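Let us look at how side chains pack inside a protein model. Have the sequence and the 3D view ready.

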Amino acid sequence: EIKERSPLLPAHSLQAEYSNNYKESLDTQGEETIPREAVFKVYKRRWYILTLYTAIALNCNMAWNAWGPISEPCKIIFGWGNWQVLFLASWAATSLILSAVPSTYLMDMKGLRKSVISCASLLTAGKVFQVIPSSDPLTRTILLNIGQCISMLSTPVGLGAPPSISATWFPPEERTTATAISTLVAYIGLPVAFIIGPYMVQILEITYSPQTNNTMNLNVSISNYTKVYDIDAMSSDLTKHMGVHLGISMFLLVCALLYFPDKPPLPPCETSGGPPHEYGESIQALLFDRSYLHLVVIFALSYGVYFGWISVLALAVKPFGVDESLAGWLGASATTAGIFSGLCLAR
């Protein structure tokens, strides 16, 4: 029980730091120049910091789930098979693995500001690639994959920063709620992608009459007419959809550049201050802690299976006659229910 309640890493104490400075000041100056107790303050701006980060994380989840809900239109536009949709969706896991160590080092050693700005910058840069037009399906497919890879490099910060933000800006009695809000509300990006994607990128059909050589913008099949797809209009809708993602990413990046400090001028409590731990020692301590590894395995199995499945939900339920619109609402409902139950448990 004692081991379970003890921290993995030794905590830095602001009070101890102030006490040491106080003693040194007495020895060198002979008078009290440093207060005996550290000064703590809780700032209202902590809610702005939490809201901005949550919006960036929400955008990250929306980018993650951008392709599953519109898999059918993309297969028509680019001639993709199921494996190409799955490959595009898999960049989330691949990029997360590639950027995990650099991102955690950035958060631990360089602070929240650089970490959050890098996250928003990667999301923006990735979407720039995805809005580049090209009439060649292969070229556009390559650009989309490059953009998705770059965007998903932001995932470790987009998913892993809530505990750091709550510990830096919030007092102990608010940290659980702050972490739950930033973690769970960010998952609203998943149902948003489920709803917005099929709405903006639809399968558009035109009917073609070989006798009269006329085309009509109809979404139904008529006897003696050959049905074809309006590829140009669908491709244009896809570009607009990615443009919306780009606009959101650029706005959030500008907000982070304008104001997102590493920490408040004064910490909210004693445990919020102190210098960072040495990165190598921290990794070593975690790798040899059984309780931590146990939690990692449990979380990875549940999280990886669920989110790997939810990102290709439209493909998974298509054999059962479920269209993308209904699949989107199913995914949105399931994710929203999980968000509300998580917030209730956090309180």
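This report covers the nonpolar cores, then the aromatic pairs.

The model is predicted: local features need pLDDT of at least 70, side-chain atom pairs count only at pLDDT 80 or more, and totals for chains, interfaces and linings use all residues. Residues are numbered from 1 along each chain as its sequence is written, and side-chain values use heavy atoms, leaving out hydrogens and water.

**Cores**

In soluble globular proteins, nonpolar side chains tend to be buried together. A nonpolar core here is a set of buried Ala, Val, Leu, Ile, Met, Phe, Trp, Tyr and Cys residues joined through side-chain atoms within 4.5 Å. The largest one has 45 residues. Among those touching the most other members are Leu-52, Ile-165 and Phe-260. Helix H3 (residues 46-64) gives the largest share, nine residues; helices are DSSP runs (H or I) of at least four residues, numbered from the N terminus. Another core, of 19 residues, lies apart and includes Phe-78 and Met-234.

**Aromatic pairs**

The whole structure holds four aromatic pairs. Rings of Phe, Tyr and Trp (its six-membered ring) pair if their centres lie within 6.5 Å; planes under 30 degrees apart are stacked, over 60 edge-to-face, the rest tilted. Phe-78 and Trp-80 are stacked, at 4.9 Å and 25 degrees. Phe-87 and Trp-91 sit 5.5 Å apart with planes at 75 degrees, so they are edge-to-face.

| Residue | Relative accessible area | Class |
|---|---|---|
| Phe-78 | 12% | buried |
| Trp-80 | 7% | buried |
| Phe-87 | 39% | partly exposed |
| Trp-91 | 19% | buried |

Technical notes. Buried means under 20% relative accessible area, exposed over 50%, partly exposed in between (1.4 Å probe, protein chains only). Helices (H or I, at least four residues) and strands (E, at least two) are DSSP runs, numbered from the N terminus.
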